[in-house]
Amino acid sequence: MAQGTTSTTGRTSRRHLLRLTGGALALGALAVGATGCRNDTQDTTGGGTGSGGTGKDKDKGKGTDSGKGSGGADAGGAPKPLWTKSVSAETYGNNDELVAVAGVVIASGAPLDALDGKTGRPRWTLKNGATPGAPLLIGDDTLYLASSAYDGTVSGHDPATGKETWRGRLGKEYRQPRPVAVDDKQVYVIAEILEADGSSHTNVIAALDSGTGRVAWKEQRDLGTEQTGVHTAVRDRFLVYTDLKKNLTVRDTATGRQVWTHKTTSTNYGVFALHGDLVIVPQGRVLQAFALADGAEKWSLKTDEFATFKEPTVLGDTLYIADSDRTLRSVDPRTGKENWRSEDLSKKGAQPPRQFLEAGGTLYGATALDEGGGIHAFDPKTGTLRWTFNDKSGDFHAWLMATDGTHVFALHGTKLHALPA
C-alpha cells in the first residue's frame, strides 16, 4: 500500500523544536533538552474534558486500565475522552509518530506500547521501542521500525501482536538506517555512510525488498545533505522527499535514479502533500503544485498579505490547509481553486491546525501549541469550528492525531486520549 502522507526521519533539531514550542515556550523546552517531556500522570475513566482533569496516578507513566466514559461533553461542546492513558511517548511533532491500526493505537517511544483502541488496555510492548524521531510506518499489514541496535537493520512487526515478521539489512557499513516510506514492494530507508574512522559525512537513500529484506538499490545523496529532517512519501513509481537543505527531490522507485529536484524557498519543515500525479508544497505565502513526472508547476495559490501557509493535508479529493492569519481553506488539489475558506479560528482566538483527518463526518485538526489549541472539530462543508478539546496540561509538545474510524486518538506529550468520533 503506497504511502499517501509524508513521513519524517532524524533526530530533532533546534529548528524543529522551535516549531513545536513556539515563542517563549521554546526557551523552556530547550532548557530541559531535546528529549525532555513533561510527565503528567493523570489517568481518567471518561474524564479529562476540554477544561482539564484533576486525577493523579501514583504509578507514574504506566497508566491504568479504564473503561468507557459517558461520552458526554464539556461546557464548550468538546466530548469527554472515553479513556486517557499516560504513555512512554517520545515525539517531535511528526504526524507519523502516532498510528492506529489492527485494533491498537501506538505512540512512538521506548518501550513501544500498543494499547487497545476501545479500552486503552495494554496489548503488547517492545522493550527497546522506536528510535526517537523515526516514523512508525504501516504497509502491507506490517509496522516497520528503525533498529535500536544500530546494526544496519530495519525490522517489520505484526501491528496486532508486536511479533517480528520481517528484517531487512542495509549493511554494517551504514549507521542508523531509518525507514522513511513504504509501498507494496519496497521499504525505503536513509542511513549514514560510515568512514574508516567511524565518522560520517554523507548518507545514502536505499530500497529494501519487502519480501526478502535484501537491498534493491541504493544511491548516495549529494554531499552536504543531511539524514535528519527528511519528509518522504511514495506515489506509484515516484519516491518524493524534502530535507532541511530546502530540496524537493523525486526519484524512480524501481532504480533509485533521480528524476528531478527543485530548490524551495520555505517548506514548513519539509511537509508536503500528494494527490494524483501532483506534489503540493507550501512555500511561505505560496502553495505550489508540481507534476511528479517532470517537476513542471501546475498551479499555485497565495495567502493574503503577511500570512504564510501551514502544513497541508489531502483527504480524499480535498486539500485542507490553514495559514498564520488563522484562515482555514478547503482546496481542490487538482486545480488549486478554493472550495471555501473559514475565519472561525481567528474569530474565536483559536490556534491554526497543522494536521487534519476525517472521521464520523467531522474534520479534525491538531495544533502545535497548547494555549488556544488542541484538537479542533470542524464542519467539513463550511469550516465552521464546532469545538476544541484541550487537556489544559500546558505541555509544550505538539498535538498528534490518528483514527481507527470510530475513535480519534489525541496524543499530547505523554497523555493519550481516546475521543469518540
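Me: Why is Glu-338 called partly exposed?
Reply: The relative accessible area of Glu-338 is 30%. Buried means under 20%, exposed over 50%, and partly exposed in between, with a 1.4 Å probe and protein chains only. Glu-338 therefore counts as partly exposed. The model is predicted: local features need pLDDT of at least 70, side-chain atom pairs count only at pLDDT 80 or more, and totals for chains, interfaces and linings use all residues. Residues are numbered from 1 along each chain as its sequence is written, and side-chain values use heavy atoms, with hydrogens and water left out.

Me: What makes Arg-329 and Glu-338 a salt bridge?
Reply: The N to O distance between their side chains is 2.9 Å. A salt bridge is a side-chain nitrogen of Lys or Arg within 4 Å of a carboxyl oxygen of Asp or Glu, so the pair qualifies. Arg-329 has 0% relative accessibility and therefore counts as buried. Salt bridges with shared partners join Asp-304, Asp-323, Arg-329, Glu-338 and Arg-341 into one network. In the protein, the count by this rule is 12 salt bridges.

Me: How do you know that Asp-304 and Arg-341 tie together separate parts of the sequence?
Reply: Their closest N and O atoms are 3.5 Å apart, which is a salt bridge. Asp-304 lies in the loop between β22 (297-302) and β23 (313-315), and Arg-341 in strand β26 (residues 338-342), so the pair ties together parts that are 37 residues apart in sequence. Strands (E, at least two residues) and helices (H or I, at least four) are DSSP runs, numbered from the N terminus. Asp-304 is partly exposed because its relative accessibility is 37%; Arg-341, at 36%, is partly exposed too.

Me: Which other salt bridge links distant parts of the chain?
Reply: Glu-311 and Arg-354 meet at 4.0 Å, N to O. Glu-311 sits in the loop between β22 and β23 and Arg-354 in strand β27 (residues 353-359), 43 residues apart. Both residues are buried.

Me: What makes a set of residues a nonpolar core?
Reply: Its members are buried Ala, Val, Leu, Ile, Met, Phe, Trp, Tyr and Cys residues joined through side-chain atoms within 4.5 Å. The largest such core has 15 residues, and Trp-83, Leu-98, Val-105, Phe-409, Leu-411 and Leu-416 touch the most other members. Two or more residues each come from β3 (98-101), β4 (104-107), β31 (399-403), β32 (407-412) and β33 (415-420). Contact means heavy atoms within 4.5 Å; beyond four places in sequence, Leu-98 touches residues including Leu-136, Leu-400 and Met-401.

Me: Why are β5 and β6 called paired?
Reply: Two strands pair if DSSP finds at least two bridges between them, and four bridges join β5 (residues 112-116) to β6 (residues 122-126), so they pair. The two strands run antiparallel, with Ala-114 opposite Trp-124. They form a hairpin with five residues between them, and Gly-120 in the turn has a positive phi of about 80 degrees.

Me: Where does pLDDT stay under 50?
Reply: One such stretch is residues 10-70, with 136 contacts beyond four places in sequence in the model. Residues 1-6 also stay under 50. pLDDT is the predictor's confidence in each residue, from 0 to 100. Where it is low, the predicted coordinates should not be read in detail. The mean for the protein is 83, and 80% of its residues reach 70 or more.
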